[in-house]
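The stops below are meant to be selected one after another.

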Amino acid sequence: MPVVIALLAGVLMSAGIAYSQMIDPAKVLGFLSLNKNWDPSLMLVMAGALAVYSAGFWLFAGKGKPLLAEHFHLPTKRELDKPLVIGSLLFGAGWGLVGYCPGPALAAISAGSLGTLAFVAAMVAGWFISRRLPI
Amino acid sequence: MENFTPISALLGGALIGLGALILLVFSGRIAGISGIASSALFNAEGRSWRLAFLLGIVLGPLLVGAIIADFSFSTPELGWQVIVAGLLVGIGTGWGSGCTSGHGICGISRLSPRSLAATVIFMFSGMLIATLLH
């Protein structure tokens, strides 16, 4: 059952990434590039996601346990540290360079473009490096 | 603002939030795509649900394509940029413990100070690099 839930969650998130056009790096760069053709659409993608998720989170997560698991697995760390700041700076730089963050890049795999596949391969190598060389 | 698509942006965003919420309400998990994918590849424990989630991520656009006849999207050119960007996104989300989904949506909704800071930082560096280069 956890597998079915995870599959459904992935399909819905990725369908949203596709339908909102966040899957298209040109659309994302239209938001990240602050020029005269600036496209604020991605702010509304985030607003829509935050509205649904935060409402649900504050209704459900405060009490008891999840419907199909023993307990919630929520991050408990609250302080800012060097890995968070440096990692987020690097992530943003890569996002602004090509227009892909992890979700859209993985969602676009089925299009079979070599540019997408090379990005995903490099991203996987980056995850491996970050695990081997913690800062 | 001729490229502004407010309706599909809001509806698509709501779908992203709904998918993430289902994972939280039923399984108690945060729907951080970078963390789930990285753990699916490099952690033996809890691999099956994470692989199922990734399969869903890959299938989603095919479903949208089956419903909307003229659905299409561009992809980046193969070149040094995608390699450098992929490495930066991988290392950065690894060290920074999350990306647009885990920090930007789940973390901000939970009012996590770390996620709020991470989102401000990656939005800033993303806009800086994109504005300088594009």
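The tour goes from whole chains to the contact between them, and then to single helices and loops.

**Before you start**

This is a predicted model, in which local features need pLDDT of at least 70 and side-chain atom pairs count only at pLDDT 80 or more, while totals for chains, interfaces and linings use all residues. Residues are numbered from 1 along each chain as its sequence is written, and chains are lettered from A and ligands numbered from 1 in the order in which they are written.

**Stop 1: each chain in turn**

Chain A has six helices and zero strands; helices (H or I, at least four residues) and strands (E, at least two) are DSSP runs, numbered from the N terminus. The C-alpha atoms of chain A occupy a box of roughly 45 × 35 × 30 Å along the principal axes. Of its 135 residues, 54% are buried. A residue counts as buried if 20 or more other C-beta atoms lie within 10 Å of its own, as exposed if 12 or fewer do, and as partly exposed in between, with C-beta atoms placed from the backbone.

Now switch to chain B. Chain B also contains six helices and zero strands, and its C-alpha trace spans about 45 × 35 × 30 Å along the principal axes. Buried residues account for 58% of the 134 residues of chain B.

Contacts can be compared with sequence separation; two residues are in contact if their C-beta atoms, placed from the backbone, lie within 7 Å. Among contacts in chain A between residues at least 6 apart in sequence, 44% join residues at least 24 apart. For chain B, among contacts between residues at least 6 apart, 42% join residues at least 24 apart.

**Stop 2: where the chains meet**

Show both chains and colour them separately. In all, 100 residues of chain B are in contact with 108 residues of chain A. On the chain B side, the elements giving two or more residues are helix 1 (6-27), helix 2 (33-42), helix 3 (47-67), helix 4 (80-95), helix 5 and helix 6 of chain B. The largest share of that side, 21 residues, comes from helix 1 of chain B. By type, the residues of the side of chain B that touches chain A are 63 nonpolar, 33 polar and four charged. Here Ala, Val, Leu, Ile, Met, Phe, Trp, Tyr, Cys and Pro count as nonpolar, Asp, Glu, Lys and Arg as charged, and the others, Gly among them, as polar.

**Stop 3: annotated stretches of chain B**

Select residues 6-30, 51-72, 78-95 and 116-133 of chain B, which an unreviewed UniProt entry annotates as "transmembrane region". UniProt positions are given in the numbering used here, feature names are shortened, and annotations may be inferred rather than shown by experiment. Over residues 6-30 the chain is 88% helix and 0% strand, and the end C-alpha atoms are 27 Å apart. Over residues 51-72 of chain B the values are 77% helix and 0% strand, with the end C-alpha atoms 26 Å apart.

**Stop 4: the nonpolar core**

Which residues have the most contacts inside the largest nonpolar core? Select A9(A), A49(A), Y53(A), F119(A), A20(B), I22(B) and L23(B); the core has 85 residues. A nonpolar core is a set of buried Ala, Val, Leu, Ile, Met, Phe, Trp, Tyr and Cys residues joined through C-beta atoms within 7 Å. Helix 1 of chain B gives the most to this core, with twelve residues.

**Stop 5: helix 3 of chain A**

Select residues 41-60 of chain A. This helix 3 has 20 residues and reaches 29 Å from its first C-alpha to its last, close to the 28 Å expected at 1.5 Å a residue, where the expected span is 1.5 Å times one less than the number of residues. Its buried residues include S41(A), V45(A), A49(A), Y53(A) and F57(A). The buried residues of helix 3 pack against helix 2 of chain A together with helix 1 and helix 5 of chain B. Centre on A49(A), which touches residues of chain B including G13(B), G17(B) and I105(B).

**Stop 6: two loops**

Go to S20(A), in the loop between helix 1 and helix 2 of chain A. S20(A) is buried, with 29 other C-beta atoms within 10 Å. Leaving out residues up to four places away in sequence, S20(A) touches V45(A), S8(B), A9(B), G12(B) and G13(B).

Move to Q21(A), which lies in the loop between helix 1 (2-19) and helix 2 (25-32) of chain A. Phi of Q21(A) is positive, near 70 degrees, in a residue other than glycine. Q21(A) is buried, with 24 other C-beta atoms within 10 Å.

Finish at L111(B), in the loop between helix 5 (102-109) and helix 6 (113-133) of chain B. L111(B) has a positive phi of about 60 degrees although it is not a glycine. Is L111(B) buried or exposed? L111(B) is exposed, with 11 other C-beta atoms within 10 Å.
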